[in-house]
Amino acid sequence: MEEMLTTDATLVSSYIKGDESALSILISRHQQRVYSFIYSKVYDRDVTEDIFQDTFIKVIRTLKRGGYNEEGKFLPWVMRISHNLVIDHFRKNKRMPKFDNTGDFNIFSVLGDPDLNAEKRIIKDQVEEDVRKLIDELPEDQRDVLMMRIYKDMSFKEIAERTDVSINTALGRMRYALINLRKVIEKNNIVLTN
């Protein structure tokens, strides 16, 4: 019963300090959700087992080298690792196209594939959710311009009129929004695919 009362953050801290049993508690506490998530993407027990093990190997390595700083958000962090490993699996097996992040930066190109099977649709929905969360992190003026341009398909002239700024200011805000999104994506090693 005491195991259930111990928070993930406390267990992570205990594990980092050398208490190996803390990791066992964390894994048993979250294994069903992580395993189910992976299986819901790959539909193959063997592949799911491999990705599940790789997820926790990565968790252990990150914890041991002191690279964990998610402030009590252990499960979302583990889910992000498993999500990225699932995408890596699909890429290796060429079951979905690689997101091309060269040249002009356009993360929104990942959202526009009309010919999606169920597997790609799940990943597309996850990418859309991830992109929305990233956009929410932007300063309000940049976020507004980006939302009007990408999601409302407004011209920069219309955006400038709506926000009562010059076209150059609207263009600048869009440019900074994209630069800031790129920084967040690179800093957090976020994988966007289509």
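The following exercises, with worked solutions, concern the predicted model shown above.

Local features are taken at pLDDT of at least 70 and side-chain atom pairs at pLDDT 80 or more, while totals for chains, interfaces and linings use all residues. Residues are numbered from 1 along each chain as its sequence is written, and side-chain values use heavy atoms, without hydrogens and water.

**Exercise 1. State how many helices and strands the chain has, and describe its burial and surface.**

Step 1. Helices (H or I, at least four residues) and strands (E, at least two) are DSSP runs, numbered from the N terminus. The chain has nine helices and zero strands, in the order α-α-α-α-α-α-α-α-α.

Step 2. Of the 194 residues, 39% are buried, a class that requires under 20% relative accessible area, against over 50% for exposed and partly exposed in between (1.4 Å probe, protein chains only).

Step 3. The accessible surface (Shrake-Rupley method, 1.4 Å probe) is about 11800 Å², and carbon and sulfur atoms hold 47% of that area.

Step 4. Among contacts (heavy atoms within 4.5 Å) with a separation of 6 or more, 57% join residues 24 or more positions apart.

**Exercise 2. Characterise the packing of helix α3 (residues 20-42) and helix α4 (residues 45-64).**

Step 1. Two packed helices are described by the angle between their axes and the distance between the axes. Axes are lines fitted to C-alpha atoms over the stretch in contact, with angles from 0 to 180 degrees between N-to-C directions. For α3 and α4 the angle is about 140 degrees and the axes lie 9 Å apart.

Step 2. Angles under 35 degrees are roughly parallel, over 145 roughly antiparallel, 65 to 115 roughly perpendicular, and the rest oblique; α3 and α4 are therefore oblique to each other.

Step 3. The crossing of α3 and α4 is right-handed, that is, the near helix is turned clockwise from the far one by less than a right angle.

Step 4. Residues in this contact include L23, I27 and I38 of α3 and I51, F52 and F56 of α4.

**Exercise 3. Locate Y43 and D164, and determine whether each is buried or exposed.**

Step 1. Most residues other than glycine have a negative phi. Y43, not a glycine, has a positive phi of about 50 degrees; D164 has a positive phi near 60 degrees.

Step 2. Y43 belongs to the loop between α3 and α4, and D164 to the loop between α8 (156-163) and α9 (167-187).

Step 3. Y43 is exposed because its relative accessibility is 54%. D164 is likewise exposed, at 70%.
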